[in-house]
Amino acid sequence: MPKLWNETIDAHRAAVRNAVLETTAALVAEHGLTSVTMSRIAKDSGIGRATLYKYFPDVDAILLAWHERQIGHHLDHLAEVRDRTEGADVRLEAVLRAFALISRASRGHHDADLSAFLHRDSQVTQAQQRLHGMVGELLAEGARAGAVRDDVAPGELASYCLHALTAAGDLASEAAVHRLVAVTLTGVRPSASDTAEGPRHTDGTSHPPHHPGRHGHHGHDHSAQGPHSADS
């Protein structure tokens, strides 16, 4: 069979599959999980039942395929945000903000039955592991650059960030999402006292801050000329 013919068939199959996924998701959102049948999906997709069964054995299989596609799109988007951003601190903030906006965009799209069903999907666990690893790497990069606290392991900070920003799904506005991201980032950034300790050695110890007045000539103490934590 000619290659062009194969590509045409593959494109047609992909189009039918996508139409089925989109139709099913819309029907579940409108009528609820328990009200959706294969007959209704076939009718609203514009295909015959026999054709639908060639693609999927039942409604559950369609929903799992739709969920897998959604998860893949979300992870790809976060990776794209990460890769197009420069600077450890800026990159971390961009990815966390994108994740929070995804969490909010998913709000209210699922009824209770569908949420419970999808939560059992093995794809969820795998996606959570990939997402956790991505955020953990960004936090470790930020710690090396001095933009993220290094007294807590990156993995623990990643769990904190993801749990905190999942709450964006309950927020009423994007402005509230941005505020939540700002608060979350505050929790992972170094404190003023940590910053005052100076740059760290590779072994984790730090240089003490330099106070020229304490060791300068004539015994004068000029430390009052340095930055004050109250101004920061």
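How are helices H5 and H9 oriented to each other? In this predicted model, H5 (residues 88-105) and H9 (residues 174-188) pack at an angle of about 135°, with their axes 10 Å apart. Angles over 145° would count as roughly antiparallel and those of 65 to 115° as roughly perpendicular; H5 and H9 are therefore oblique to each other. Their crossing is right-handed. On the H5 side, the contact is made by Leu92, Glu93, Leu96, Arg97, Ala100, Leu101 and Arg104, and H9 contributes Glu174, Val177, His178, Val181, Leu185 and Val188. Eight of the residues in this contact are nonpolar, one is polar and four are charged.

H5 also packs against helix H8 (residues 154-166), at an angle of about 35° and with the axes 9 Å apart. The crossing of H5 with H8 is right-handed. Here the contact involves Leu96, Phe99, Ala100 and Ser103 of H5, together with Cys161, Leu162, Leu165 and Thr166 of H8. The residues of this contact comprise six nonpolar, two polar and no charged. Leu96 and Ala100 of H5 take part in the contact with H9 and in that with H8.

These helix pairs belong to a protein that contains eleven helices and zero strands. Of its 232 residues, 31% are buried. Among contacts with a separation of 6 or more, 60% are between residues 24 or more positions apart. The accessible surface of the protein comes to about 14,200 Å², and carbon and sulfur atoms account for 54% of that area.

Technical notes: Residues are numbered from 1 along each chain as its sequence is written. This is a predicted model: local features need pLDDT of at least 70, side-chain atom pairs count only at pLDDT 80 or more; totals for chains, interfaces and linings use all residues. Side-chain values use heavy atoms; hydrogens and water are left out. Axes are lines fitted to C-alpha atoms, for helices over the stretch in contact, and angles run from 0 to 180 degrees between N-to-C directions. Helices (H or I, at least four residues) and strands (E, at least two) are DSSP runs, numbered from the N terminus. Angles under 35 degrees count as roughly parallel, over 145 as roughly antiparallel, 65 to 115 as roughly perpendicular and the rest as oblique. A crossing is left-handed if the near helix is turned anticlockwise from the far one by less than a right angle, and right-handed if clockwise. Contact means heavy atoms within 4.5 Å. Ala, Val, Leu, Ile, Met, Phe, Trp, Tyr, Cys and Pro count as nonpolar, Asp, Glu, Lys and Arg as charged, and the others, Gly among them, as polar. Buried means under 20% relative accessible area, exposed over 50%, partly exposed in between (1.4 Å probe, protein chains only). Accessible areas come from the Shrake-Rupley method with a 1.4 Å probe; for residues, only the protein chains shown count as cover.
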